[in-house]
Amino acid sequence: MLENQGYEDFKRTVDELGAELMIRKKKKIMVIDDDQDFRLTVCELLVDEGYSVTTAKDGEIGLNNLIHQNDLPDLIIVDLLMPVKSGLEFRREQLQLAEVNKIPVMFITGQGYVEGETCLLKPFDEREFKETVRRFVGR
């Protein structure tokens with residue numbers, strides 16, 4: 001009887017721990033920007049906040065990575081103006097793909113604006129950036 005009670009307590013503890021780990025699972029963010037220094041800076045900010053981060057240097061690579069990833073991001077942060085495939089072209093194509101079209105996108109740009117989308121201008125306020133990311137994915 002006592003052995004069985006010990007097992008039940010252990011099982012309950014393991015189940016509770018598993019539920020807690022699921023809640024604490026790191027949120028994933030993809031950062032797409034052609035400026036390597038900016039990508040690294042944004043990655044450092046996000047990792048310091050406890051997020052898992054993947055990167056791409058343009059919209060084409062970002063879209064290919066997104067299509068071939070098993071572990072999809074919870075948020076995509078993308079520069080508006082990039083060579084090869086712009087952030088806007090990336091977003092248009094992303095919205096056409098059923099498996100990834102519900103992933104929210106936040107634009108960061110030195111110039112420009114996308115109506116109906118969340119956009120932050122470079123250089124951005126670090127606090128505002130972190131708050132905007134939290135609104136999308138929590139933390």
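1. P123 sits in the loop between β5 (118-121) and α5 (126-137). The peptide bond joining K122 to P123 is cis, with omega about -15°. Helices here are DSSP runs of H or I with at least four residues and strands are runs of E with at least two, numbered from the N terminus.

2. On the basis of these points: the model is predicted, local features need pLDDT of at least 70, side-chain atom pairs count only at pLDDT 80 or more, and totals for chains, interfaces and linings use all residues. Residues are numbered from 1 along each chain as its sequence is written, and side-chain values use heavy atoms, with hydrogens and water left out.

3. The loop between β3 and α4 contains V84. The phi of V84 is near 70°, a positive value in a residue other than glycine. V84 counts as exposed because its relative accessibility is 64%. Relative accessible area is taken with a 1.4 Å probe on protein chains only: under 20% is buried, over 50% is exposed, and partly exposed lies in between.

4. K85 forms a salt bridge with E60, and the closest N and O atoms are 2.9 Å apart. This pair links distant parts of the chain, since K85 is in the loop between β3 and α4 and E60 is in helix α3, 25 residues apart. K85, at 8% relative accessibility, counts as buried, whereas E60 is partly exposed at 31%. A salt bridge here is a side-chain nitrogen of Lys or Arg within 4 Å of a carboxyl oxygen of Asp or Glu. By this rule the count comes to ten.

5. Helix α4 (residues 87-96) has G87, F90, R91 and Q94 buried. These residues line one face of the helix, because they fall within an arc of 95° when seen down the axis of α4; the arc is that of the directions from the helix axis to the C-beta atoms. R92 and Q96, on the other side of α4, are exposed. The buried residues of α4 pack against β1 (28-32), α3 (59-68), β3 (75-79) and β4 (105-109), where contact means heavy atoms within 4.5 Å.

6. K130 and E126 meet through their side chains at 3.2 Å, N to O, and both lie in α5, four residues apart, about one turn of the helix. E131 and R127 are paired with their closest N and O atoms 3.4 Å apart, and they too lie in α5, four residues apart. An α-helix has 3.6 residues a turn, so residues three or four places apart point the same way. E126 is partly exposed at 41% relative accessibility, E131 is partly exposed at 35%, and R127 is exposed at 56%. A network of salt bridges links E49, E126, K130 and R134.

7. Helix α2 (residues 36-48) and α5 have axes that come within 11 Å and cross at roughly 60°. Axes are lines fitted to C-alpha atoms, for helices over the stretch in contact, with angles from 0 to 180 degrees between N-to-C directions. The crossing of α2 and α5 is right-handed, that is, the near helix is turned clockwise from the far one by less than a right angle. V42, L45 and L46 in α2 meet E126, F129, K130 and V133 in α5. By class, this contact has five nonpolar, no polar and two charged residues. Ala, Val, Leu, Ile, Met, Phe, Trp, Tyr, Cys and Pro count as nonpolar, Asp, Glu, Lys and Arg as charged, and the others, Gly among them, as polar.
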